[in-house]
Amino acid sequence: MNRKGKRLGKTALCAVLALSMVLCNSSFMEAKKVSKQESVYVNAGADGSVNQITVADWLKNSGEVTGTVKDFSKLSDITNVKGEETFDKSGNSMKWNTSGKDIYYQGKSEQELPVDVKITYSLDGKKMAAKDMLGKSGKAKIHVSYTNKSKQTKKVNGKEVTIYTPFVMVTGMILSSEHFSNVNVDNGRVINDGTNNIVVGLGMPGLAESLDLSDEFAEKIHSEFTVEADVTDFTIGNTFTYGSPSILEELNMEDAGDLDDLEDKLEELTDAASKLVDGSDTLSENMEKFADKMDELKGKMKEYQKDGVKKLTDGVNKLAKNGPALVKGVKDYTGGADKVANGTISYVTNTGKITQGCKTLYEQVKGLPAQIDTFSTGLNTYTGSVDKLGTKENVTAIKDGAKAVSDGISELNKNIGLLEQSIQASEAMVLQLEQKGADATVIGGLKQQIGAQKQIVAGLKAATGSDGALKKGAASLATGVNTVMDALSQLSSKSSELTKATGILKKNVPALVSAVKKLKDGGTTLSANDKKLISGAKALIKAGKTMRKSTKKMNSGMKALQKGSKKLNKATKQLVSGVNKLDNASGKLSDGASELASGMDEFNDKGVEKLNSTYEDDIKSILDRLDAVTEAGKDYKSFSGIGKGMDGEVKFVIETAAVEKEDE
């Protein structure tokens, strides 16, 4: 083979190896050996500038280790994302308590990425930021370049040479056919499904330098690509870039020590290409199934719009419409409750006066028995004074006093009738509260208190009635007083009759005092729950204020909910429209998968098979550099750090921010 043919073979081999890495990259881990599987997620601006780096690590097979697993990580804000296992960290060294489970954790990183991704934009030949192109039209260019910053020095054929970590970078973007037309990419592929242009670009930064290719052939191993298109009302969604350093590890090129080994590797490459062809056929079949499922989703979305969102919106509108009526009803109800509460406070105030009057009456009569005893004891001593006591004036005064007691009890009985009317008014107020749905606990308490008051008033009424003990006692007292007074007139000549009259007095006065005490005790019982009644009434007034305030807020909330339901209805229409577009796109994507399967057949026939058939034994000159590149790929096991003696594999996913209008 001539020198030019050799160089072309070299370039083709590198391209095939890169594609093999992108589509078939995998790793074999020794059984039970702990390895670190690392995914680096990068959020970037539309130009590729890094905003945030999040790293997810899986300590594979760590659950098989007894005790702790030693690890090394430069990450900050480390959290266990899949379990409760804990760790100790000293500097960047870590010890995980596995508890018989694999460890999954993530953290943040401020490290520099090994490969920079830079995206520049231009419109009609003028460079500008993507945000400045938003909404504009013309001839657009999107240029994506990769810069490999991960390199090391290795000895190849006795010389120190610079070898870059063999990163392969693949960037994908979806350009809507509504905004982009005539889309072309120089180092990639464009698939148009009728709705979107799916663009995939490829780059292998540093590989040409590592293999020391001449400029003529180094240009065929790209580290950038450019997308050109006619754009209308420019907008672009997120782009995604995938990167991995495992370019040659899959083919184990370090074992290709002689030409026979290399030929074996080319046979492996041919087999891998056949698997790619089979995989593309499977993809085509699955895309047809995907298109069928999209038809089902389209039907479900219409059902969701009709039976779900529309009913919800109608219900919210009815709720918002009845809001003012609810506010008025609550206002009327709480107004009535306030009246009941104020009436309760007034009732408690009046019953307090009655109770105090009963206490005063008892204080006035409770000393009578003792006084009668004193009178009886000193009767013999003061017999001489009886004549003066038995004068007509004194007799009349004492009889009038006894009558006043009897008349006072009758007046008390009359006032008890007024108290009954007050209790009836309270019962009416409680009934109104109950009908308006007041708190059941408060209503029950009020009814219990009114029942107790009714019993007390009934007792007082019975005691002060014409047949009551108090009234009878007063009558007995009056009779006794009359008897005593009549006896007093004869006491000076008949002291024995006077003594008899005193006995009658001593017998009747305690009955009178006992009746008055019952009246006083009944009043005390009646007033026992006054504080609770007043507290409940005040709480009722306060609750009414809160209810009125809350109802106004609820009415405002219902109006906001009504606005939200309108937005939901609008968004659902947009979602249904999007699903319809996606359904249409799925069919065309299925066609694109078929086209991809056909293209893979052509790639296998005209690429890999041709490479295998035209390969000669004069490629030994690049084996040593390929070995070095492969070793560099194997050396790059982790981005954030890895434990000593631990195997690892790392991949990068870089997502750029979308540049879109707010309503899109």
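Rings of Phe, Tyr and Trp, the last represented by its six-membered ring, form a pair if their centres lie within 6.5 Å. In this predicted model, a search of the whole structure finds ten aromatic pairs.

**Exercise 1.** Work out which class the ring pair of Trp-58 and Tyr-104 belongs to, and where its two members lie.

*Solution.* The ring centres of Trp-58 and Tyr-104 are 5.6 Å apart and the planes stand at 10 degrees; because planes under 30 degrees apart count as stacked, this pair is stacked. Trp-58 belongs to strand S2 (residues 50-60) and Tyr-104 to strand S7 (residues 103-109), so the pair ties together parts that are 46 residues apart in sequence. Trp-58, at 27% relative accessibility, is partly exposed, and Tyr-104, at 24%, is partly exposed. The ring of Tyr-104 also has the charged end of Lys-82 sitting over it, 4.3 Å from the ring centre.

**Exercise 2.** Classify the ring pair of Tyr-146 and Phe-225, and decide whether Tyr-146 is buried or exposed.

*Solution.* The centres of the Tyr-146 and Phe-225 rings lie 6.5 Å apart with their planes at 45 degrees, so the pair is tilted. Since Tyr-146 is found in strand S10 (residues 138-148) and Phe-225 in strand S17 (residues 224-231), the pair ties together parts that are 79 residues apart in sequence. Buried means under 20% relative accessible area; Tyr-146, at 4%, therefore counts as buried, and Phe-225, at 0%, is buried.

**Exercise 3.** Name the residues that ring pairs link into a cluster.

*Solution.* The cluster consists of Phe-167, Tyr-636, Phe-639 and Phe-652, linked by ring pairs.

Conventions:
Residues are numbered from 1 along each chain as its sequence is written. This is a predicted model: local features need pLDDT of at least 70, side-chain atom pairs count only at pLDDT 80 or more; totals for chains, interfaces and linings use all residues. Side-chain values use heavy atoms; hydrogens and water are left out. Rings of Phe, Tyr and Trp (its six-membered ring) pair if their centres lie within 6.5 Å; planes under 30 degrees apart count as stacked, over 60 as edge-to-face and the rest as tilted. Helices (H or I, at least four residues) and strands (E, at least two) are DSSP runs, numbered from the N terminus. Buried means under 20% relative accessible area, exposed over 50%, partly exposed in between (1.4 Å probe, protein chains only). A charge sits over a ring if NZ of Lys or CZ of Arg is within 6 Å of the ring centre and within 35 degrees of the ring normal.
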